[in-house]
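This briefing is meant to be read with the model open beside it.

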Amino acid sequence: MDSDPNGGFKKIFTDGSKSNGRVGSCIVCLDEGRYIMWKEENRLNDEASVFVAEAVAIQLAVEKVGPTEEIIVIFFGLQIRIDGFGV
């Protein structure tokens, strides 16, 4: 993988959130030049947790990419994982 975090590969950013009782997931793909290639937003059941929303976003990213020879890096919010364990 390219060691430069800003070059040479597509980047997919994922997010899951819960706010005002509403839950959703979002993924955004940027090309090598940092332009948005595509994005997808999904509303989830209001009873879903933010952890489920983040997991759904990661799953959507992997499914959207599918099998490929390209280098694609998926970034996701690690902070909720740390908070979930009380660290």
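Which residues does threonine 14 touch, not counting residues up to four places away in sequence? They are Cys26, Ile27, Glu54, Ala57, Ile58, Ala61, Ile74, Phe75, Phe76 and Gly77, where contact means heavy atoms within 4.5 Å. This is a predicted model, in which local features need pLDDT of at least 70 and side-chain atom pairs count only at pLDDT 80 or more, whereas totals for chains, interfaces and linings use all residues. Residues are numbered from 1 along each chain as its sequence is written, and side-chain values use heavy atoms, with hydrogens and water left out.

**Overall fold**

- The protein chain contains two helices and four strands, these being DSSP runs numbered from the N terminus, with helices (H or I) of at least four residues and strands (E) of at least two.
- Followed along the sequence, the elements of the protein chain come in the pattern β-β-β-α-β-α.
- Of the 87 residues in the protein chain, 28% are buried, a term that stands for under 20% relative accessible area, with exposed meaning over 50% and partly exposed the range in between (1.4 Å probe, protein chains only).
- When contacts between residues at least 6 apart in sequence are considered, 48% of them join residues at least 24 apart.
- The protein chain has an accessible surface of about 5800 Å², and carbon and sulfur atoms account for 55% of that surface; such areas come from the Shrake-Rupley method with a 1.4 Å probe, and for residues only the protein chains shown count as cover.

**Two buried polar residues**

- Threonine 14 is placed in strand 1, which covers residues 10-19, and it counts as buried because its relative accessibility is 9%.
- The side chains of threonine 14 and glutamate 54 are joined by a polar contact of 2.9 Å, that is, a pair of N or O atoms within 3.5 Å, where within protein one must be able to donate a hydrogen and the other to accept it, and residues adjacent in sequence count only if both atoms are side-chain atoms.
- Serine 25 belongs to strand 2, residues 22-30, and with a relative accessibility of 3% it is likewise classed as buried.
- A polar atom of the serine 25 side chain lies 2.5 Å from the backbone oxygen of alanine 53.
- Apart from neighbours within four places in sequence, serine 25 is in contact with residues including Asp15, Gly16, Glu40, Leu44, Ala53 and Ala57.

**Salt bridges**

- The structure holds three salt bridges, each defined by a side-chain nitrogen of Lys or Arg within 4 Å of a carboxyl oxygen of Asp or Glu.
- Lysine 10 pairs with glutamate 70 in a salt bridge whose closest N and O atoms are 2.8 Å apart. Because lysine 10 lies in strand 1 and glutamate 70 in the loop between helix 1 (50-65) and strand 4 (72-75), this pair ties together parts that are 60 residues apart in sequence.
- Lysine 10 is buried at a relative accessible area of 15%, whereas glutamate 70 is partly exposed at 40%.
- Lysine 64 forms a salt bridge with glutamate 40, and their closest N and O atoms are 3.9 Å apart. Since lysine 64 lies in helix 1 and glutamate 40 in strand 3 (residues 36-44), the pair ties together parts that are 24 residues apart in sequence.
- Lysine 64 is partly exposed at 43% relative accessibility, and glutamate 40 is partly exposed at 24%.
- Arginine 43 and aspartate 46 form a salt bridge in which the closest N and O atoms are 2.6 Å apart; arginine 43 is partly exposed at 49% relative accessible area, and aspartate 46 is partly exposed at 31% relative accessibility.
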